[in-house]
Amino acid sequence: MTLKKIDNGSYFDFGKTSSVYARYRDIYPKELYEKLRALGVAADNTSWLDLGTGTGVLPENLYNPNAEISAADISEQQIAFAKDKAEKNGHSINYCCLPAENTGFSDSSFDCITAAQCFFYFDRDKMRVEINRMLKPGGKFIKIFMGWDENDPVALESQNLVLKLNKSWESAKSALEDINDNLFPGKVSESFYADLPFTRESWHGRMCACRGTLASMNSETFALWEKEHIKMLERFPKEFSVKHIIYITHFIVP
């Protein structure tokens, strides 16, 4: 995939990260799930769609057998991992390999639609129409983004190492620009910090699953980055925390 607004149009493919994404990106803090539940996500007798679901992190962690849950992603590899996880957990989730801008779901199908770590990849104007079409009257659309604090020492060194080998990568630039977008009237936004626990292995896996490394580097460059990153992490404790900031933006769509 290439998008002019992302990393200066450089190619990336999250399908290449599916195995490490499934293993290392289930890192959202408990407080985020509590806030999403308070907004009505996956409430009893409601229907919820998670767009850009990846390996199904949100649907799995917010699963409620008394809600109808659907989740979509454009990557067949990501959806395959999501389906496998749901089967192992005994969860009934309708996972679909579909583009967010043209899902094919019926009009007024959902009480709530979410998009975590992904909305800035979509066509904004098409998404406004598609979300408005799919939501029931008075339904909610919720955007979520979580990124590391660039002042965190581990995150800063890891980020700089990626930039050393992948100069096109723009990290969270597009996501942060998207946070302030007034997609619909009545926007409500909040943010909070969380110190997330990692080991050297799990932080390395988390970095492997980011857009700037495995998703976009060729095999030779990735191997070089991986070797240097593992060596870099030896200077830090075996267990540590990395400060992240989490943004939640929601709209009630008339």
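A cavity is here a set of grid points where a 1.4 Å probe fits but cannot get out. Its volume is the space filled by probe spheres set on those points. In this predicted model, one cavity of 30 Å³ or more is present, and the volume of the largest cavity is about 100 Å³.

The lining of the largest cavity comprises 14 residues; those nearest its centre are Lys143, Ile144, Phe145, Asp178 and Ile179. At least two lining residues come from each of S5, helix H7 (173-179) and S7. Sorted by class, 10 residues of the lining are nonpolar, two are polar and two are charged.

The sheet is considered next. It is open and consists of seven strands with mixed pairing, arranged in the order S3-S2-S1-S4-S5-S7-S6. Strand S3 (94-97) and strand S6 (188-199) form its edges, each pairing on one side only. On average, neighbouring strands of the sheet are turned by 20° against each other, direction ignored.

Helix H4 (residues 76-89) touches strand S2 (68-73) and S3, and its direction makes about 165° with that of S3. Helix H5 (residues 124-134) lies across strand S1 (47-51), strand S4 (110-116) and strand S5 (135-148), and runs at about 130° to S5.

Key
Residues numbered from 1 in each chain as written. Predicted model: local features only at pLDDT ≥ 70, side-chain atom pairs only at ≥ 80, totals over all residues. Heavy atoms only, no water. Pairing = 2+ DSSP bridges. Helix = DSSP H or I, 4+ residues; strand = E, 2+ residues; numbered from the N terminus. Axes fitted to C-alpha atoms, helices over the stretch in contact; angles between N-to-C directions. Contact = heavy atoms within 4.5 Å. 1 Å grid on protein atoms, 1.4 Å probe; cavity = no way out; pocket = protein on both sides within 12 Å on 5 of 7 lines; lining within 4 Å. Nonpolar A, V, L, I, M, F, W, Y, C, P; charged D, E, K, R; others polar.
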